[in-house]
Amino acid sequence: MRVKAIEPILVDVPLREPVRGVHGVTAVQRSVLVHVTTDAGAEGWGNVDPTPGYSAVSAADVHDSVERLATSLAGADALNVRAALALMDRQLAGASEAKAAVEMALMDLKARVLGIPVHSLLGGRVKDAVTLNAWIGTVPPAQAAREALAWLAQGFRTAKIKVSGAGDEGVQRVAAVRAAVGDRMALRVDFNESLAAADAAAFIRRLEPYGLTLVEQPVPRDDIAGLARIRREIAIPLMADESVASPAALVEIIRREAVDLVKLKVMKQGGLLRTLAMVECAAAAGLRVVLGHGFGLTLSTLAEAAVAAASDAVIDGCEAVGPLKMAGDVVVDPVRLDGGVIPLSDAPGLGATIDSDGARALPGDR
């Protein structure tokens, strides 16, 4: 079975309401779909969702990279995903997001052809359901408290709070959420690289009274040495996200004993197979793992749930609640996340049916 065509599609999906985070306000999610077809009529779909400020590339960049990669895969064995990854690596250095979208589509295709779920291609699941982590942006403390209570009422038992910089309002936001939910929710804080290295440890210590399970990426992504220094000076477990840009970066983080946990994403790591390999590497070094990306459509959410379900090293609270933020999607039946869990389906492929006409009705400008 040979690859006949690989088509990237840019889509703009509006959010239910604008979301305020460390990198600014997001009102529309620009994503890239990838449609792979074969000479035998089989098909598969992939999807990545770059986030301005977080992702190093735009959705338009990903679209163009997929077009370049498509030339190297024309006529390739559609069921040999590892060979496809090697071909893409020879064609284009980097471009993890584009490779992730293509690999996801190939995994979806192969699993559909075999009549099995994608998580079976990863070796099988060790969890029947993946629990989810709520998301609270850089909003005023009182609003953050209300949002936390709303997440709790839906069934969520963990939540991430965004904090931008070392100002008092960040501390007040965390304090307000803890006061509202008491000990009914586990809380995390994500700085998205917004602290200065000299201020980070002292500011994080101000958050210690609020019983946080972790703090995430306080300093810029290339400052792994800074993460290691901060870890030695704080009592809250430290997690790297933006710093875990590649397997080599993960090895350097492990070598320096820089963090207690790492955050991995299928989009950032270059696909499901490579993400799971990094989960296993982190676990071998004694690091726990958080999976997920905050602004995803249904396909990418199901892909990250499949990886999260394949390893006990991935802790509860997968950060893949993107579909709850969206006013639309590209699938016929968007994944339901209302109760704070994703049950693992045994449906073939990723377990979703693409609304191809609807997707093409959500055009994104190049």
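Student: Which residue of β8 stands opposite R188?

Tutor: In this predicted model, R188 stands opposite L214 in β8. The two strands concerned are β7 and β8 (residues 212-216), which run parallel and are joined by four bridges.

Student: Which helix lies between β7 and β8 in their β-α-β unit?

Tutor: That place is taken by helix α7 (residues 197-205), and the unit that β7, α7 and β8 make together is right-handed.

Student: Which strand pairs with β7 over five bridges?

Tutor: Strand β6 (residues 158-162) does, in the parallel sense, with T158 standing opposite A186 in β7. To get from β6 to β7 the chain passes through helix α6 (residues 168-181), in a β-α-β crossover that is right-handed.

Student: How many of the five residues of β7 are buried?

Tutor: Strand β7 (residues 186-190) has four buried residues out of five, and is therefore mostly covered, where buried means under 20% relative accessible area.

Student: What is the order of the strands in the open sheet of three strands?

Tutor: The general idea is that side chains of a regular strand alternate between the two faces of the sheet. Here the order is β1-β2-β3, with antiparallel pairing. Because β1 (3-21) and β3 (43-48) stand at the edges and each have a single partner strand, one side of each is left without a neighbour in the sheet.

Student: Which residue of β3 stands opposite H35?

Tutor: H35 stands opposite W45, and strand β2 (residues 24-38) pairs with β3 over six bridges in the antiparallel sense. Helix α3 (residues 96-114) packs on this sheet, touching β1, β2 and β3, and its direction makes about 150° with that of β3.

Terms used: Residues are numbered from 1 along each chain as its sequence is written. This is a predicted model: local features need pLDDT of at least 70, side-chain atom pairs count only at pLDDT 80 or more; totals for chains, interfaces and linings use all residues. Side-chain values use heavy atoms; hydrogens and water are left out. Buried means under 20% relative accessible area, exposed over 50%, partly exposed in between (1.4 Å probe, protein chains only). Two strands pair if DSSP finds at least two bridges between them. A crossover is right-handed if, with the strands pointing away from the viewer, the path from the first strand over the helix to the second runs clockwise. Contact means heavy atoms within 4.5 Å. Axes are lines fitted to C-alpha atoms, for helices over the stretch in contact, and angles run from 0 to 180 degrees between N-to-C directions.
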